[in-house]
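Try each task before you read its solution.

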Amino acid sequence: MGWARRHLITLYQQATSSKIGLFLVAMIPLAWLTLFFAVPLLEILGVSLGSSRRGVPPFIPAWGLSDEGLFFAPNSDSYALLLRHSSDYLVPLYNSTRLAFGSMLICLVLAFPIALWAARARGAVRLSLLVMVLLPFWTSSLLRVYAVMGLLNPTGYVNQFLLFLGLIDTPLDLMRMDISVYFGIVICYLPLMVLPLYAVLVRIDESLYEAATDLGATRTTTFMTITLPMARAGIVAGCLLVFIPAMGEFMIPELLGGPEQLMMGKVLWAEFFRSRDWPVAAALAVLLLLVLSIPILWLRHAERRMKET
Amino acid sequence: MRSSLPFAAKILAIIGFAVLYVPVTLMIIYSFNAGKLTSVWSGFSAKWYVALFQNDQLLTALGLSVIIAAGAATLSLVLGTLMALSLERIGGFRLRWLLAFLGLAPLVMPEVVTGLSLLLLFIGMETLFGWPSGRGIDTIMIAHATFGMCFVSVIIQARLADFDNSLEEAAADLGAGPLTVFYTVTLPVILPALIAGWLLAFTLSFDDLVIASFVSGPGSSTLPIVVFSSVRLGVTPEVNAIATLIICIASLAVLVASLFMSRLILYGHRSTETDTDTGQ
């Protein structure tokens, strides 16, 4: 209680001080995000503990207001269903983790040289490199994924090319392999990996490299002892910015994957739009959030460390 | 002396750029293909583009998407600016950590979760207050503004961190009120970031498929929703053409914008270059 009272007193003092205007400035975005981001997450929890029914909307939440007044009747049916059919849901969770983690590593390997190149270049070269990274980020990811479909589908350019070379006799079904999902995630998320890496790499003082070279360090030593440690915050931020949203990706496995690449986002989508079992879809969202809360909390930690450096 | 990039690293960087650009380039080239087959070249033709302008469903969806994106971007800009100012300029208010966290989480939240949670919120609000009645343009705009404001805030925060607030303090010491300080000092400095933020929020809204699918109602199918339903059926020259148009227009806008904001792109964070620049 003392904690709450101290907060109330501070709030009161801030509201009555000359900072009242600034305080209100902060309250507007805070109220917006609370209403449209935090409360909806509670709503998901409420529906996941509710029950399914025929009608509009097709569920009864675990708590809320009805004609008879407030009610609170949570049940764990949806979670029980997830447990009963756990293999149907664990496999997509495994697929999501595997594909998101794999593509995160590919993004890191491809993004690091780009970020380093941009950080060490000057003027027009640096600007062009950065614009080339930003350009795809600003254009539709749906259309970029669609472009990958054109490349990898059975009559696509890759298969045409391989058939032409005589390396294969029948077209490869690339769209039912992990490689197409990796390709899709990389084309969508690569810029998100480059930008935080660039932000840390550009701040490394170049005299450090000179000093290292003067003292006889090889390129590898310089990289391992200066570049990599100083880029750590950027690596962590970039990896999380790719991994977390990729875990719940719907569009990429839907358009670029087969049954072997079934991921959580696609399962949730199917429960919601096809089976119309909203409580189960909500329970899946809660499950996904629980799994992702580990990296999300880590991101908050990493962000704080990045601010400090 | 600057250390150059090793050869192997340059190759990796080029592979990275190839991944980003080769599929889209091929798609653009084949959108001018005369034949129905999408990977066999059979002569140049712009007929798929002509067909687009006779497709009423696409044109309606395009108009709707532009309206939603413009509204969502404007809302994002206002909210995102307020958020960035609160995070960078209000020293030590108690709920700062909460705002910082809530401003960051939507950036990484999987879209299916955001979409589903907002839909459930809108349904809950409708039962409680009778608003929003059904889902359509307004609900999509709110949903897009919620993540758009976070991107806007990130961009403006970077700009605010760039110039130290002694200018603002000096103005305040000389007797300017908070609003005067904002309009005469802060606003001109963050203007490029405001433009960049609005454009980014616009394109994010314009491109969003997943969240819009959850919170749209009958009759409010945005362009990505319409395009997605045809993309699902496979690669066709018509979709190549619409995709080419959208990507080219977006790229042109980005290129023009980046000419104006080259400084912001180059020195996204605290740097001596920008400090001396704004200090003058």
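**Exercise 1. Charges across the interface**

What is the count of salt bridges between chain B and chain A? Find the residues involved.

*Solution.* Keep in mind that this is a predicted model. Start with the count: between chain B and chain A there is 1 salt bridge. Next, look for the partners: Arg232(B) pairs with Glu254(A). Finally, turn to polar contacts, where the rule finds 6 residue pairs across the interface of chain B and chain A, both residues being at pLDDT 80 or more.

Helix H1 (residues 7-30) of chain B gives the largest share of the side that touches chain A, with 16 residues. Sorted by class, that side of chain B has 71 nonpolar, 22 polar and 6 charged residues.

**Exercise 2. The extent of the interface**

Describe how much of each chain takes part, and how much area is buried.

*Solution.* First, the residues: chain A contributes 104 residues to the contact and chain B contributes 99 residues. Then the area: about 9,200 Å² is buried between the two chains, and carbon and sulfur atoms give 80% of it. Last, the leading residues of chain B: Phe17(B), Leu20(B) and Val108(B) supply 7% of the area that chain B buries against chain A, more than any other three residues.

**Exercise 3. A helix pair in chain A**

At what angle do helix H4 (residues 86-120) of chain A and helix H13 (residues 264-274) of chain A pack?

*Solution.* The angle is about 140°, and the axes of H4(A) and H13(A) are 8 Å apart. That angle makes H4(A) oblique to H13(A). To see the contact itself, display Tyr89(A), Pro92(A), Leu93(A) and Ser96(A) of H4(A), which meet Met264(A), Val267(A) and Glu271(A) of H13(A). By class, this contact has 5 nonpolar, 1 polar and 1 charged residues.

**Exercise 4. One leucine in chain B**

Place Leu77(B) in its chain and find its contacts beyond the sequence neighbours.

*Solution.* Begin with the chain: chain B has 13 helices and 0 strands. Leu77(B) sits in helix H3 (residues 56-89) of chain B. Setting aside neighbours within four places in sequence, Leu77(B) contacts Val152(B), Leu194(B) and Trp198(B). For a further check, compare C-alpha atoms: those of Leu77(B) and Phe202(B) are separated by 9.8 Å, although the residues are 125 residues apart along the chain.

Conventions: Residues numbered from 1 in each chain as written. Chains lettered and ligands numbered in written order. Predicted model: local features only at pLDDT ≥ 70, side-chain atom pairs only at ≥ 80, totals over all residues. Heavy atoms only, no water. Contact = heavy atoms within 4.5 Å. Buried area = accessible area lost by both parts, 1.4 Å probe. Salt bridge = Lys/Arg side-chain N within 4 Å of Asp/Glu carboxyl O. Polar contact = N/O pair within 3.5 Å; in protein donor to acceptor, adjacent residues only side chain to side chain. Helix = DSSP H or I, 4+ residues; strand = E, 2+ residues; numbered from the N terminus. Nonpolar A, V, L, I, M, F, W, Y, C, P; charged D, E, K, R; others polar. Axes fitted to C-alpha atoms, helices over the stretch in contact; angles between N-to-C directions. Parallel < 35°, antiparallel > 145°, perpendicular 65-115°, else oblique.
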